[in-house]
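I opened this notebook to keep track of what I looked up in the structure. The entries follow the order in which I went through it.

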Amino acid sequence: MIHTLPELTARLGRGQRLLGLDVGSKTVGLAVADPGLIVASPIGVLMRTKFTQDARELAKTIRDYSVGGLVIGLPLNMDGTEGPRVESVRAFAKNLEERADLLGWDAQIAFWDERLSTSAVERFMIGEADMTRKRRDEVVDKMAAAYILQGALDMLANQRRQAERDAEDETSAEEWTDRER
């Protein structure tokens, strides 16, 4: 089932994690969040073959990491429109939804805008990490998945902080009103 990111995280069971996916035509980069949903870590790359085999490999990762939801990068165009790559990613997600039998799990999915994630990761690997082209090719997909998932986790953390500030403001306002009475 497709959810908003807050809806997806609200559905997570105790200790369940999010799995970030950077879905490409040849590979799927994988990253997992810690149980506290603070930090994303790259964990690997799934070499795409037939969907059935891809889903079985993904199911193993879901079991191994106690995954309760998927955050799939949505490769929107720079102007926010959807092109053929978005259609392909949405089709992949729809197939996951429809093939719960392969996953052993009803897919709980949220999309995350991944514009420029791969280029940001490549810039980092060239500029900061000074990686060779061969090494970059080996890790770029899983690093892009971590970048995507970390963006989603950061947004969730910002929402939590804002909710805490709002609750504090409400409490302060109530205390002020009580003192005036």
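**Entry 1**

I began with Leu46, which counts as buried because its relative accessibility is 9%, where buried means under 20% relative accessible area, exposed over 50%, and partly exposed in between (1.4 Å probe, protein chains only). Before going further I noted that this is a predicted model, in which local features need pLDDT of at least 70 and side-chain atom pairs count only at pLDDT 80 or more, while totals for chains, interfaces and linings use all residues. I also noted that residues are numbered from 1 along each chain as its sequence is written, and that side-chain values use heavy atoms, with hydrogens and water left out.

Leu46 belongs to strand β4 (residues 40–47); helices (H or I, at least four residues) and strands (E, at least two) are DSSP runs, numbered from the N terminus. I then asked which residues Leu46 is in contact with, leaving aside its neighbours within four places in sequence. With contact taken as heavy atoms within 4.5 Å, I found Lys26, Thr27, Val28, Leu30, Asp54 and Glu57. I also looked up Gly24, which is 22 residues from Leu46 in sequence and 9.9 Å from it in space, C-alpha to C-alpha.

**Entry 2: Thr27**

Thr27 is buried, since its relative accessible area is 13%. Beyond its neighbours within four places in sequence, Thr27 touches Asp22, Val45, Leu46, Met47, Arg48 and Asp141.

**Entry 3: Salt bridges**

Side chains of opposite charge can pair when their charged atoms come close. I counted a salt bridge where a side-chain nitrogen of Lys or Arg is within 4 Å of a carboxyl oxygen of Asp or Glu, and the count by this rule comes to six.

One of them joins Lys60 and Asp64, with the closest N and O atoms 2.9 Å apart. Lys60 and Asp64 are separated by about one helical turn because they are four residues apart in helix α2 (residues 51–64). Lys60 is partly exposed, at a relative accessible area of 42%.

Another pairs Glu98 with Lys94, where the closest N and O atoms are 2.5 Å apart. Both residues lie in helix α3 (residues 84–98), four residues apart, which I recorded as about one turn of the helix. Lys94 counts as partly exposed, at 46% relative accessibility.

I also looked up the salt bridge between Arg99 and Asp101, whose closest N and O atoms are 2.9 Å apart. Arg99 counts as partly exposed at 31% relative accessibility, whereas Asp101 counts as exposed at 56%.

**Entry 4: The chain as a whole**

How many helices and strands does the chain have? I found six helices and six strands, and along the sequence they follow the pattern β-α-β-β-β-α-β-α-α-β-α-α. Buried residues make up 40% of the 181 residues in the chain. Among contacts with a separation of 6 or more, 65% are between residues 24 or more positions apart. The chain exposes about 10,500 Å², of which carbon and sulfur atoms supply 49%; accessible areas come from the Shrake-Rupley method with a 1.4 Å probe.
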